[in-house]
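Please have the viewer open, and read the points below alongside it.

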Amino acid sequence: MSNRFILNEVAYHGPGAVKEIAAEAKGRGFSKAFVCSDPDLVKFGVTKKVLDVLENDGLSYEVYSNIKANPTIENVQAGVEAFKASGADYIIAVGGGSSMDTAKAVGIIIANPDFADVRSLEGVAPTANKSVPIFAVPTTAGTAAEVTINYVITDVEKNRKMVCVDPKDIPVVAFVDPDMMSSMPKGLTAATGMDALTHAIEGYITAGAWELSDMFHLKAIEIIARSLRDAVDNTPKGREDMALGQYIAGMGFSNVGLGIVHSMAHPLGALYDTPHGVANAIILPTVMEYNAPATGDKYKYIAQAMGVEDTESMSVEEYRKAAVDAVRKLSQDVGIPADLKEIVKEEDIPFLAQSAYDDACRPGNPRETSVEEITELYKKMI
Ligand SMILES: NC(=O)c1ccc[n+]([C@@H]2O[C@H](COP(=O)([O-])OP(=O)(O)OC[C@H]3O[C@@H](n4cnc5c(N)ncnc54)[C@H](O)[C@@H]3O)[C@@H](O)[C@H]2O)c1
Ligand SMILES: [Fe+2]
């Protein structure tokens with residue numbers, strides 16, 4: 001069996017990367033941008049940093065910002081109508097995972113009108129055509145949606161987050177500019193950074209992992225572990241390193257999958273609107289403990305990448321514990337709550353566990369699991 005690997009056509013990294021948007025748009029002969037962003041990013045002038053680049057070069061655009069965090073089917077449908085009315089020929093997604101994921105769904109539906117029913121895109125959909133070309137500008141250092149083939153849309157009626165996997169949605173160009181992230185408040189920086197760490201750890205131990213993806217994930221763990229605290233303190237170096245670390249994690253997990261940390265986090269986003277990174281960060285150490293028996297010696301390398309010393313002299317139990325402790329410590333240091341007590345209502349656990357079991361990320365988990373075991377994991381955290 002062969003392994004597939006998909007990445008952006010081009011990616012720009014570093015402060016000022018967004019300035020390259022103008023040359024890329026002109027070089028590709030695009031005439032009008034449909035800019036997908038969210039209302040807060042518009043209000044706080046983050047989207048404007050990209051609009052200024054377009055205006056300075058006389059490039060036309062239209063802004064669509066009817067996008068909420070944990071974006072909904074309705075956000076996508078309204079986006080599709082707005083795109084059709086706009087006369088645009090490419091999309092610029094400016095935002096976190098919510099804006100980028102909405103942009104992907106819009107781009108896919110415009111290019112594949114047979115899939116106008118957003119629900120038909122859940123899982124791996126057999127779309128025929130590539131998305132409308134997308135330029136992606138992340139403003140959080142977390143989801144790496146600018147380099148992934150996934151997008152996540154909430155079905156409000158069914159209280160369900162749909163994970164959609166489609167190689168045809170990958171943004172053609174990513175502009176990973178830490179200056180777009182510097183306005184993130186501490187809590188958001190911490191949560192989105194822990195989402196990136198979760199991608200790196202789940203991607204490293206997922207069932208489909210192989211040597212090429214391991215290389216990205218270990219490097220991502222190392223960069224994130226050493227720089228997330230600094231990013232939360234808003235240092236330029238911390239921001240720059242987190243921008244890169246989360247992207248490298250995305251290069252990996254997009255190609256191999258994740259596990260049940262994400263499966264268990266998605267229903268919390270759907271039912272309680274819990275920020276995605278917060279949910280992952282709380283769940284990660286508990287699921288790491290659960291998964292440990294199915295991970296061979298991988299936790300030794302996770303521990304090393306997290307900065308733990310003397311792992312070579314440790315027993316299997318010791319380095320597995322050290323890896324989990326290091327993750328828990330980082331989470332605590334950046335202010336993530338220790339458990340789900342404030343989030344999960346006990347009576348919802350049967351629904352949450354079934355929903356997590358049905359999630360598209362679950363088959364990637366390194367340890368075979370069941371609704372009953374996922375139920376126990378939720379109970380352990382409340
Ligand atoms: N496509 C993927 O591969 C993938 C991977 C993981 C998660 N996701 C999805 O992405 C979504 C989460 O995305 P997210 O964590 O990036 O957050 P988000 O896009 O939902 O944004 C959260 C909030 O942060 C604000 N914000 C974003 N950037 C900011 C900045 N620079 N300054 C100030 N405020 C800023 C936004 O306005 C918003 O209110 C979830 O729906 C999740 O399921 C997708
Ligand atoms: Fe995630």
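Here are my notes, starting with conventions and then moving through the sheets, the helices and the ligand.

1. Conventions. The model is predicted, so to speak of local features a pLDDT of at least 70 is needed, side-chain atom pairs count only at pLDDT 80 or more, and totals for chains, interfaces and linings use all residues. Residues are numbered from 1 along each chain as its sequence is written, chains are lettered from A and ligands numbered from 1 in the order in which they are written, and side-chain values use heavy atoms, with hydrogens and water left out.

2. The six-stranded sheet. This open sheet has parallel pairing and the order β1-β9-β6-β4-β2-β3. Strands here are DSSP E runs of at least two residues, helices are H or I runs of at least four, both numbered from the N terminus, and two strands pair if DSSP finds at least two bridges between them. The edges are β1 (10–13) and β3 (60–64); each has a single partner strand, so one side of each is left without a neighbour in the sheet. On average, neighbouring strands of this sheet are turned by 15° against each other, direction ignored. Axes are lines fitted to C-alpha atoms, for helices over the stretch in contact, and angles run from 0 to 180 degrees between N-to-C directions.

3. A pairing to check. Five bridges join β2 (residues 32–36) to β3 in the parallel sense. Have a look at A33, whose bridge partner in β3 is Y61.

4. Helices on the sheet. Helix α5 (residues 97–111) packs on the sheet and touches β2, β4 (90–95) and β6 (134–138), its direction making about 160° with that of β4. Contact means heavy atoms within 4.5 Å. Helix α8 (residues 236–256) lies across β1 and β9 (173–176), at about 150° to β9.

5. The three-stranded sheet. Here the order is β5-β8-β7, in an open sheet with mixed pairing. β7 and β8 (residues 160–165) pair in the antiparallel sense over six bridges, and I153 stands opposite M162 in β8.

6. The ligand. Which residues are closest to ligand 1? Of the 28 that surround it, they are G97, S98, T139, T140 and K161; a residue is near if one of its heavy atoms lies within 4 Å. Oxygen atoms of ligand 1 lie 2.8 Å from a polar backbone atom of G97, 2.7 Å from a side-chain N or O atom of T140 and 2.8 Å from a polar side-chain atom of K161. The largest share of the shell, four residues, comes from α6.

Notes. Polar contact = N/O pair within 3.5 Å; in protein donor to acceptor, adjacent residues only side chain to side chain.
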